[in-house]
Structure formats: structure tokens, C-alpha cells
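Here is a friendly walk through one protein model, from its charged pairs to its cores. Please keep the structure open beside you as you read.

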Amino acid sequence: MDIYPPPPIQISMTLIYPYYKPGRGFAYPEYVSRYPPVNNFRVSHLKLELWIDFEGQSLRGFEEVEVEHSAGGGWVAFDACEMWIESVKVDGKDAEWRYDGERLHVRLDAGRCRVEISYRARPRKGFHFIKPDKANPDRAPQAWSQGETEYNRYWLPLVDHPSQKHTSEIIVYVPRGFIGISNGDLISRGSKDGWDYWHWRMDKPHSPYLISVVAGVFEEYGEEFNGVRLSYYVPPGYGKFYRLSFEKTPKILEFFSKYLDYPYPYGKYAQVAVYEFIFGGMENTTATTLTELTLHDEKAHIDFSSDPLIAHEAAHQWFGDLVTCRDWPHIWLNESFATFLENLFVRHDKGEDEFVYENIRDMDSYLSEYRDYYARPIVTRVYKYAAELFDAHTYPKGGVVLNMLRALLGEDTFRKGLNLFLKRYAYSVADTEDFRKVMEEVSGRSLEQFFEQFFYNAGHPAIRVEEEWRDSTRQLVLRFKQTQGEDSLPIYHLDIPVRVKTKSSDKEFTVELREKEVTHVISLDEQPELVCIDPRFEVFKTLELARGVEQHIKVLESDEHVYCRVLAARALGRLGGAKAVEALKRSVLGDRFWGVSAEAAKALGELRTEEAKNALIEALSIVTDTKVKRSICEALGNFRGYDVVEALSKILSNGEESYYVRQAAATSLGKTKKEGVYEILLRHIDTPSHASAITVGVLRGLAELGGEEALKTLMRYAEADKQSTVRAAAIASLGKFPGRREVVEVLRQYARDPNYRVRRAVVAACRELLSSEAIGILEDVAQNDVYEMNRRAARDAAERIRKSLEKGIEYKELREELERIKEENRRLVERVSILAGAIESKA
Ligand SMILES: [Zn+2]
């Protein structure tokens, strides 16, 4: 049912365009292509006076909009949702207007004019009031807006489309002592009629969704960077943490200015951390809003960093704000770039290995969306809500593809292209074709095929490589095969670098894949020691290497490239055997890059054997890198036994240990399902930690553990007097308790909770419950949630449950059966490995 395009069209599309791959599962049957609105007028400036009533959680606005009507005059429409429009004037005279609750229509004469709108609003979305509550009785009040994608229209009338770029000016009226923050430069501040006001002016054109207002009580810190004022606003009491989060801001801005050869485009850059933000951050022009969860103490700083988030939002000031996507289908021009530039900053700051590993993890995150949800072209017009396009295709997939383009063109040419793109479309909008043409202009080569393959079609290349050494002819034979499935193109054109190392030489070749199967023969003086396909992970693809354990071990132990070692570790985690375990253990303990050690730990977890378990337990007491430790703790979640309980509870109980290592230990402890674990977990449930990391880990552990006591505790931590992060973790965990009426009841209740994080968790829980009652709750969310992202997630979850029920499978039985088989299998594997050990020791 949920395939795109609907079956009859798909048949004809397949016949006419055999090489067009629209994807699967993204577009629902009623979805249609969306195009930008046709407007016969332009806004040139918007000035807003906004009074924020914290008591009444409402707004009063007086707006003046400079408009130019290009045709002979007539009706124009402003987006203005759920407002009370009090008066509309044009050039000071009462105007002809009508309002339908979503759009304000005003009749204008031809040419320039000024439209004045007085209105009131009590927004359900796009503008949030934060006040003290049961969980946070001392919380300072705050109010913040969130414009992207189409939410600013809930608190100010505007022409809400990215292509309408104009200057803006906002005067924020707040209670005495409060701060009001908006885009651009501070023109003046003062007091008037019992209010404090802050007057901001953004004198460069920007898109309406980037208009922002944040108000409340904040501590402000600041510094200068190349004449740009940098401001950091944090809630009261967080001042001691601000530096850890923001200290790299000047370095980040300097790096992007240099890499893009384009200085930071504005006069100020403010970053504001607010409570209960619905995303990680939002790149409002010159005034980024961030989640308060990014603020952290010294201890969290060991393995938690704000740098990626800070770099991501800062990158948007160029890609997104200076140059904006012309329309939502081209949102990758904002988000893939921010993701990729964030990775480039990681390379600049921490080196090549970290950069490659970021790209590997981006690929993983795209693949998990591709496998579990859907496939779609990065650029598509077929969607219902613009918010649906903000997914793992737009962010990580686009980022990895951009990295491929960088490698294909060479870094210098690529950078020239980015610079030209920014210069040509500065303070304006651009689409995918604009970008392609700029890159063609600087490189002198056609990129149509590249863009067709990776931006306009769904899917990805899957490459399998077999290698053979022919001693008689001194030849290395590499057989490449494209094995991608139905929803990817049948044949991709790719250039894949191959590095071949012998005792006396080290050479790199490029293999041109132009067919489904390609055999490449390389003459060498001696047998190669190492063959590394795509050593720097520059080609967007999955890679399967038909190699034996010995070869993978050799790569894991001696290849200098992170990508090759990660693939080797993952392969050993599938192949197993005593030698694989030993090699993986050595890698956990000794690889020079933490990411490979963490992958090796994960691979040991996949093996599920007694030796693998012992290796992990031993490594846990030796390893000092907290990121590797965390991976070991996660991997131990695949094992039972009191030795695992002992090792993990030692970690959880150690107050010196990092928050996130303890979090992983708590969750894995629950997975052991051993007696006494409930008591251990409960002892640590209220341990204070960054973003309640330990509490969250304990709650997840309790969900894994199961049982009446655990359920009772989870229900208790789902209540409104707990922090939203804690509630969300408790509620999402309820998905592990199918067939319980009380669970369904609380999920139904929390589906309408005012907190967005809580409502997201309800969808996650219902998705796992897989029952018809869960469908009812999900349908309610899919119809009524104010935010489209949650509506879409709920619809996907309901659809998934419906399908599994339609198959006529009684899910509960299936799940129990699966658990039983898994448990039996685990016991068998353990038994076999013990026996094998016994035999070995006898032999
Ligand atoms: Zn972004």
C-alpha cells in the first residue's frame, strides 16, 4: 500500500524509464508532487513589534510589511495560522481583507506599499513557552520560536516560503529584566510602558523560516572574532558550563571562512541554549537556537562534545542562511552541506581517522533508514509535509555523497566550486541544478550522470569484491560485482581507488566500474600483503569483501586505513572462530584509533561465544578510552551469566566512571535478565548525570529485564514530575511490555502530552508493541499531533503494525517464540564453545 509511485504508474514508469528508481515506502498513495507557490508580489522588508505575555502564554503583534506588487494589483495572501487579526491597513488606510484562519488575504494596488497588520496569537506550535513545572520548580521562564519548516506562520503573518528573502526588524517586548534575542544587530534597548524592549535589525535578506525570537532570563557571555560579536546565552546556573560547549566557536568560524574562502557573512553570531528544544539546534540567521542538553560538565566532556552541533549550525550560516534552498525538495543544499562541513571540521580539528569514521557512521545511519523504513531520491517533489524530508537521506546520505564529489573533483576544484556557488547565490536562493552547473563550470566536466545516480534516484551501489593471486603469472585478479537490489539502479558508474601493498611497493590504482561485473588484473612483482579497496572511504557504496578469516585479521592488524580495518572487524564479527576472537581482542586493546577498537568490541558481541565474552570482560578492566569502554559495555549486552553481571555492575557502581559508560553498563545489565539485577539498577536510578544519562540507562535496563517491579518503576518515571528526557526514556521502554492494559492506557494518555519529547516516545513505544490498541493511539497521533514529524512517524508505525497483523501472525506468540529460540541458540553456542575449549585443552 505504501509504495511510490502507486502500482499502475510504477508499471508504466518501469517500462518508459527503466533507469528511474523512485524508491519504496516513502510516499503514501495520496501524495502528489509539490511545487513552489506562484506569487505576483515580493516582500522587501518586514518589521514586527512583538509583545510576549508569559503569564497568558500569548502574543500581541504589530507588523509592517513592505510589499511590491509586480502585476496590476489585486489580492495577495500572507500565511498566518490560528490568529486573531485585529486590523489591516495599507499605506495607513483601512484595507480590504479577509481571513480564513490560515491565510490573510489583502487587496493591494500595483507597485510598492506598506501593509500594517495588528494581531494576537496563542500559538500551539512554532512558538513555545517554558515555565516552571513539577519537574523543574525553579526553572527560569523562557519563550522560543522554531520556524523551520513552516511554523513561523503560527506567530507572525508572513509569506512563509524559503524563496521569499527579505530583511527583517524585530522589536521584542519582554517583562522587566528579561532578555529578548532576534536576528541581526541590536539597534537599541530600553523600557517603555512597563515593558523592556530589544530592537534587532537584520539588514541582509534572509528566508522567513529563519526569523527567530527567543526571550527569557539568560546569562550572557561573549567574545570577538574578526570583528564579529559572538554571544553565548545560557539559562541561569549554566554559566559554569558554557565554555565547554562554545569554546571552539571561533575556531569553527575561522575554519569555514578559510575553507570556503568566504568570510562569515554577518556582523554577529549568537547561540542560545533553551529548555525543551524540539531539535538539537536551529540555524536561525545570526541567532542559532540550541537544546540545553548540549550544555555539560567536565565529566561529561570526557566523551560528550558539543562541537559537532556547534559546527553544524555554524556551517548553515553559509549553506542555508546565506544561500538557501529555493524550495524544500532541495533541502539537501542546506542539510547535506551542514552534515558534510561538520565532518570537515572534525578532520581539521581531530584528523583524518576521525573524519573517515564520521563518514562511515553517516553511511550506517543512512543504511539503517534504508533497511528499516524507506528509500527515496535525495531530491524529490513527492511528499506531504516539508518536515518529512529532514531524514537520513537528506543528512548523512547527502553528506557522504558530497564527500564523494569532493574526491571525484579533487579538493581544490571542489572548494573553488563551493566558493563560486556562495558568491553567485549570496543572500539569495539556489536549487540542485544551480549547484550542479557551478560544479561543472569549475571542473569542466559533466556531472549529469553523477547527479542522476546519487541525487535524482533512490538507492545505492552494493559492491562485492573477490580477489585471487595467480602465482604463476604474478597477477592479482580483482573481480568486482554490483549486487544492489531492486530499488537501486542496476548499474552504477563508479571510480574506485584500490591500494595494493607488497613487501617492496605501495601503489594505488583506480578501477572504473562501468558494467555489472568488472575483472581487473594487476601485475605485481610479488604477492601483495594488503589490498585495500577505497582506502579513504570516498565512494558512496556498501562493500563486501570475499575474504577468509586470515586475510581479514591481517588487514585488521596492519592496514593503516580506518575504513579497511573497520570492515575487517565487522567481517570477523560474522565469521568468528578462535583466531578471529583473539585478533578482535587485540584490536580492542591496541588499535591506535578508538573507532576501530569500538568496532572490534561490537564484533566480539556479535559472536556471542564464551571466548568472545571472556575477551570483552578482560578488556573492560584494561581499556581506558571511555568510548571504547562504552562499546564493550554495549557488546556485553549480548551475553548472560553472573560474570557479566559482576563486570557491568562494577562499572555502574563506580562513581569515577564516565556517565555514558555507566549508562551502557546499566542497559546491558538489564539484558542479562539475572536475579538481583533489579536491585543493582534501582540503586543507581537517581544518580545525577548529564542529560540524566545514567537514569536513562537504568530505565532501558529495567525494560530489558522485564517483570512486574521493573514495569512499575518505568510507569513511575514516566510521570510528569520527572525530566522530559527521563520520561521519554521510560515511556519509549514501555514498548517492551506487550499485552498489558495499563501500558496501553498510559500511552494513550501521554499521546496528548504537551511535551514533544514525550509524544515522540509514545510513538516509539507503540511501534514496538505491535498490537491493534497501539494502532488506535498511533492514529490519534497521526491525525492530531501538532508537529508533522511526529504525525509521519506515527503513521509509519501504525502501517508497520497493520502489515504484521495482516500477515495473520499472532505477534505475541511469534515474539515469545523468537525469544525462546534466541535463548536456546545462545545456550547452544555457549555449550559448543565450552566443548570446543575442552577438546582443545585435551588435545
Ligand atoms: Zn541542519
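## Salt bridges

A search of the whole structure finds 73 salt bridges, a salt bridge being a side-chain nitrogen of Lys or Arg within 4 Å of a carboxyl oxygen of Asp or Glu. This is a predicted model, in which local features need pLDDT of at least 70 and side-chain atom pairs count only at pLDDT 80 or more, while totals for chains, interfaces and linings use all residues. Residues are numbered from 1 along each chain as its sequence is written, and side-chain values use heavy atoms, with hydrogens and water left out.

One of the salt bridges joins Glu-86 and Arg-120, with 2.7 Å between the closest N and O atoms. Glu-86 lies in strand β4 and Arg-120 in strand β8 (residues 111-121), so the pair ties together parts that are 34 residues apart in sequence. Strands (E, at least two residues) and helices (H or I, at least four) are DSSP runs, numbered from the N terminus. Glu-86 is partly exposed at 43% relative accessibility, and Arg-120 is partly exposed at 40%; here buried means under 20% relative accessible area, exposed over 50%, and partly exposed in between (1.4 Å probe, protein chains only).

Arg-176 and Asp-196 form another salt bridge, their closest N and O atoms being 3.0 Å apart. Arg-176 is exposed, with a relative accessible area of 52%, whereas Asp-196 is buried at 13%. There is also a network of salt bridges that links Arg-464, Glu-466, Glu-468, Arg-470, Arg-479 and Glu-544.

## Strands and sheets

Now to an open sheet of eight strands, with mixed pairing and the order β5-β4-β8-β2-β1-β11-β14-β13. At its edges stand β5 (93-94) and β13 (185-192), each with a single partner strand, so one side of each is left without a neighbour in the sheet. Two strands pair if DSSP finds at least two bridges between them. β5 pairs with strand β4 (residues 83-90) in the antiparallel sense over two bridges, and Val-90 stands opposite Lys-93 in β5.

Strand β3 (residues 74-79) is largely enclosed by the rest of the structure, because five of its six residues are buried. β3 pairs with strand β7 (residues 103-108) in the antiparallel sense over six bridges, where Trp-75 stands opposite Arg-107.

## Domains 2 and 3

The domain assignment, automatic or from a database, gives domain 1 (46-123 + 147-209), domain 2 (218-318), domain 3 (324-454) and domain 4 (812-843). The centres of domain 2 and domain 3, taken over C-alpha atoms, are 23 Å apart. How much area do domain 2 and domain 3 bury between them? The value is about 1900 Å², with 64% of it on carbon and sulfur atoms; buried area is the accessible area (1.4 Å probe) that two parts lose on being put together, summed over both. Phe-255, Tyr-259 and Tyr-262 supply 34% of the area that domain 2 buries against domain 3, more than any other three residues.

Two salt bridges are counted between domain 2 and domain 3. Lys-248 forms a salt bridge with Asp-349, with the closest N and O atoms 2.9 Å apart.

## Nonpolar cores

A nonpolar core is a set of buried Ala, Val, Leu, Ile, Met, Phe, Trp, Tyr and Cys residues joined through side-chain atoms within 4.5 Å. The largest has 199 residues, and Phe-256, Phe-435 and Phe-480 have the most contacts inside it. Domain 2 and domain 3 both give residues to this core, so it lies between them. A second, separate core of 76 residues includes Ala-80, Cys-113, Trp-200 and Ile-331.
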